[in-house]
Amino acid sequence: MRVADLLADPALNIRLAAPGGPGRLARPIAWCAPSEHMDPTPFLSVNALLLTNGMGLNVKDYRIWDA
């Protein structure tokens with residue numbers, strides 16, 4: 001499966017927030033994992049799909065939610 005496949009599925013109702021470089025959407029997804037770390041980059045590898053629901057955000061400052 002590729003990221004492009006996920007974006008093309010209307011049932012998922014997802015949108016691309018950061019396009020990245022050319023050809024990135026055509027790469028196969030090697031694995032997928034959830035994370036709520038503020039900076040999960042040390043734990044990522046090539047072709048990994050990171051899922052997050054935003055729980056790592058600062059919920060005490062409500063201006064973040066409006067941004």
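I began with burial: 7% of the 67 residues of the protein chain count as buried. I note here that the model is a predicted one.

Next I looked up the secondary structure. I found 2 helices and 2 strands in the protein chain. Followed along the sequence, they give the pattern α-β-β-α.

I then checked the contacts across the sequence. Taking those between residues at least 6 apart, I read that 17% join residues at least 24 apart. For the surface, I noted an accessible area of about 5,700 Å² for the protein chain. Carbon and sulfur atoms hold 61% of that surface.

I turned to the largest pocket and noted a volume of about 1,100 Å³. Which elements give two or more residues to its lining? I found helix H1 (3-8) and S2. S2 gives the most, with 4 residues.

I counted 35 residues in the lining of the largest pocket. Nearest its centre lie Ala18, Ala48, Leu49, Leu50 and Leu51. I also sorted the lining by type: 21 residues are nonpolar, 10 are polar and 4 are charged.

**Serine 35**

I looked up where serine 35 sits. The residue is in the loop between strand S1 (31-34) and strand S2 (48-51).

I then listed what serine 35 touches, leaving aside neighbours within four places in sequence. The contacts are Pro40, Leu50, Leu51 and Thr52. Two of these names I had already written down for the pocket: Leu50 and Leu51 are among the residues nearest the centre of the largest pocket.

**Salt bridge**

Last, I searched for charged pairs. Side chains of opposite charge can pair when their charged atoms come close. How many salt bridges are there? The count comes to 1.

The partners are arginine 2 and aspartate 5, whose side chains meet at 2.8 Å, N to O. I checked the accessibility of both. Arginine 2 stands at 33% relative accessibility and aspartate 5 has a relative accessible area of 30%.

Conventions: Residues numbered from 1 in each chain as written. Predicted model: local features only at pLDDT ≥ 70, side-chain atom pairs only at ≥ 80, totals over all residues. Heavy atoms only, no water. Contact = heavy atoms within 4.5 Å. 1 Å grid on protein atoms, 1.4 Å probe; cavity = no way out; pocket = protein on both sides within 12 Å on 5 of 7 lines; lining within 4 Å. Points joined across faces, edges and corners; volume = space filled by probe spheres on them. Nonpolar A, V, L, I, M, F, W, Y, C, P; charged D, E, K, R; others polar. Buried < 20%, exposed > 50% of the residue type's maximum accessible area, 1.4 Å probe, protein only. Areas by Shrake-Rupley, 256 points an atom, 1.4 Å probe, with all protein chains shown as cover. Salt bridge = Lys/Arg side-chain N within 4 Å of Asp/Glu carboxyl O.
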